[in-house]
Amino acid sequence: MAPLKWWQRAVFYQIYPRSFADANGDGIGDFPGMTAKLDYLRDLGVDALWLSPHYPSPFLDCGYDIADYCDVAPEYGTLWDFSRFLQKAHERGLRVILDLVLNHTSDQHAWFREARSSRASPWRDWYVWRDPAPDGGPPNNWASIFGGPAWTLDQATGQYYYHVFLPEQPDLNWRNPEVKAALWDAVRFWLDLGVDGFRLDAIATIFEHPDLPDHTLPVSPGAVLDANTLPWDDYWQLLRFQLHQPGMHELMKELRALVESYPGDRVLVGEDEDLAFHGSGDDELHLVFNFPLQRTRRITPAHVRANQALRLGALPPGAWPCNTLGNHDAPRVWSRYGDGAHDAALARLHLALLLTLKGTPFLYYGEELGMADLELSDLGQLRDTNAINRYRALTERRGVAPEAALREVLATTRDRCRGPMQWSEAPNAGFTAPEAVPWLPLHPNHRAGVSVAAQADDPGSLLSFYRRLLALRRATPALLAGEFEVLHPDSEDHLAFLRHDRDSGQTCLVVLNFSGAAQRPAFDLGGRAARLRFSSAERPAGRLDLQPLSLAPFEAVILDLL
Ligand code: GLC
């Protein structure tokens, strides 16, 4: 097998720039803050950083509404601060990929301001405009993923513009070659500065069906388009003319060629789970996320086996898997998969899963400390416009009582997983100056052990566990490159699999006990003996009996087959 590329061996760590580290005391994270934490990230043992958008933005969608593709948000610093961050990251062997939002801009972007200024504007066709329907309403019944219709009327010019997300995030018209040229220029701008690649936001939304046909589901648009409440299939049915439309794959091939014209194996990671984005395996995106792995209330051995069978089985030759359990759009791993009684053990088990499956793992900042979802208590604390709009829709359009709407929105807002990083037990957790007001509140558990300072020197902490397992993964060829082979396909309590690397000849047996009870599975591996490589429990080093293997509750073990 060809030697693995850096992005196949790497563990990625997602940073939400607004929440990572604030150096100037304005309550908002920034590049000088991130730069000061690079040693922490190197010592943690991750290899690459993905930054959520760092561009100038009105921040109605937390930076996913970009107002200038070739600059840095002033509250995060300057281009010089960015370049210094990149240089210092590279000096530490850390790669950096940026978030690239191709589908839409902010309505404050100069292109859209120009486009909406008049029907005759040379920028008009950079966005998707349509005349009203004969009754004056929107051109069709499409819905926005963030609720409400996907069309907003521009009063001044009398036409509707299309937005699959917020009205303040107008969709670019990718059928206009000028749009493509401008975005490819932005891509070159950052590649020239030396970034190692991009995570491509909402990549399936780029093209819409050119004929704009109505969807035929019997729902009023916007009223029920909600991934939280609609069955998954209905949700995608509603969006079927707005997602995954023809043209996308050609575009991805073009972007891939652009990125490959640069030296250094720059990488493209798509925010989508569709393996078709790998193209023939090696001509579109390098990685796409295995979102179905995380889309479950509880991760069970059966869920993982089914997921892996489907994903690995369908991966085109030459393509590489990519697994993640959390990001800025989903509840935190600690809160989502914890059961309230064994949260710490489950957090360890889930990391062990992520780092031992085949493929590139993506971690989310703060996960290594056991950061939990924020518990917000009032509307004024919300920063995600999507959540604020949802509250309005529930109370104003759906007649839900304000208290019930508030409860629902506070329990689901994406703000919950975006809280400031917890560096210490100091006021404001060392994220920002003690007297500053952080842009989102701190979780009070930063004073109860959930901080870098409290965990860094404690060998029993979750942070130490992350460091140990990350170091072990890096030093274990079978975990980086090995084929994945399920054992005990019917077990409900434990997940067992082999990772076999032909080049080094190393085979690891991974056994993860997902139950709160001790287990004693027996392994008949042709008489091969096994030596302990890693355990989440206390275990003496050395050979281990596989007939049976005694597992503590929630224990994760990694064994070398001899
Ligand atoms: C992606 C981002 C999400 C954002 C949306 C619109 O799904 O992950 O945070 O709101 O795109 O840009």
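Biologist: Which residues are closest to the ligand, and how many surround it?

Modeller: The ligand is surrounded by 13 residues. Asp61, Asp201, Glu271, His328 and Asp329 are the closest. Keep in mind that this is a predicted model.

Biologist: How does that shell divide into nonpolar, polar and charged?

Modeller: The shell around the ligand has 7 charged residues, 4 nonpolar and 2 polar.

Biologist: OK, distances. How far is an oxygen atom of the ligand from an N or O atom in the side chain of Asp61?

Modeller: For Asp61, that distance is 2.6 Å.

Biologist: And what about Asp329 and its polar side-chain atom?

Modeller: A polar atom in the Asp329 side chain sits 2.5 Å from a ligand oxygen. Arg199 also has a polar side-chain atom facing a ligand oxygen in the list, at 3.0 Å.

Biologist: What share of the ligand does the protein bury?

Modeller: The protein buries 95% of the 310 Å² that the ligand exposes when taken alone.

Biologist: Switching topic. How many disulfides does the structure hold?

Modeller: The count is 0. Take Cys322, which is in no disulfide. The nearest cysteine sulfur belongs to Cys417 and is 18 Å away.

Biologist: Is Cys322 buried or exposed?

Modeller: Cys322 is buried, because its relative accessible area is 1% and the cut-off is under 20%.

Biologist: And Cys508, buried or exposed?

Modeller: Cys508 is buried too, at a relative accessible area of 0%.

Biologist: Now cavities. How many of 30 Å³ or more turn up in the whole structure?

Modeller: The search finds 3 cavities of that size. The largest cavity holds about 40 Å³ of space.

Biologist: Which residues line the largest cavity?

Modeller: Its lining is Leu275, Val288, Arg311, Leu312, Leu315, Pro321 and Cys322. So the buried Cys322 is also one of the lining residues.

Biologist: What classes are in that lining?

Modeller: The largest cavity's lining has 6 nonpolar residues, 1 charged and no polar. Arg311 is the charged one, because Arg counts as charged.

Biologist: Last one, pockets. What is the volume of the second largest pocket?

Modeller: The second largest pocket comes to about 220 Å³.

Biologist: Which residues line the second largest pocket?

Modeller: Met1, Ala2, Pro3, Leu4, Lys5, Trp7 and Gln8 are among them. The lining also includes Asp282, Gly318, Ala319, Trp320 and Lys358. By class, the lining of this pocket has 7 nonpolar, 2 polar and 3 charged residues.

Key:
Residues numbered from 1 in each chain as written. Predicted model: local features only at pLDDT ≥ 70, side-chain atom pairs only at ≥ 80, totals over all residues. Heavy atoms only, no water. Near = heavy atom within 4 Å. Polar contact = N/O pair within 3.5 Å; in protein donor to acceptor, adjacent residues only side chain to side chain. Areas by Shrake-Rupley, 256 points an atom, 1.4 Å probe, with all protein chains shown as cover. Disulfide = S-S within 2.5 Å. Buried < 20%, exposed > 50% of the residue type's maximum accessible area, 1.4 Å probe, protein only. 1 Å grid on protein atoms, 1.4 Å probe; cavity = no way out; pocket = protein on both sides within 12 Å on 5 of 7 lines; lining within 4 Å. Points joined across faces, edges and corners; volume = space filled by probe spheres on them.
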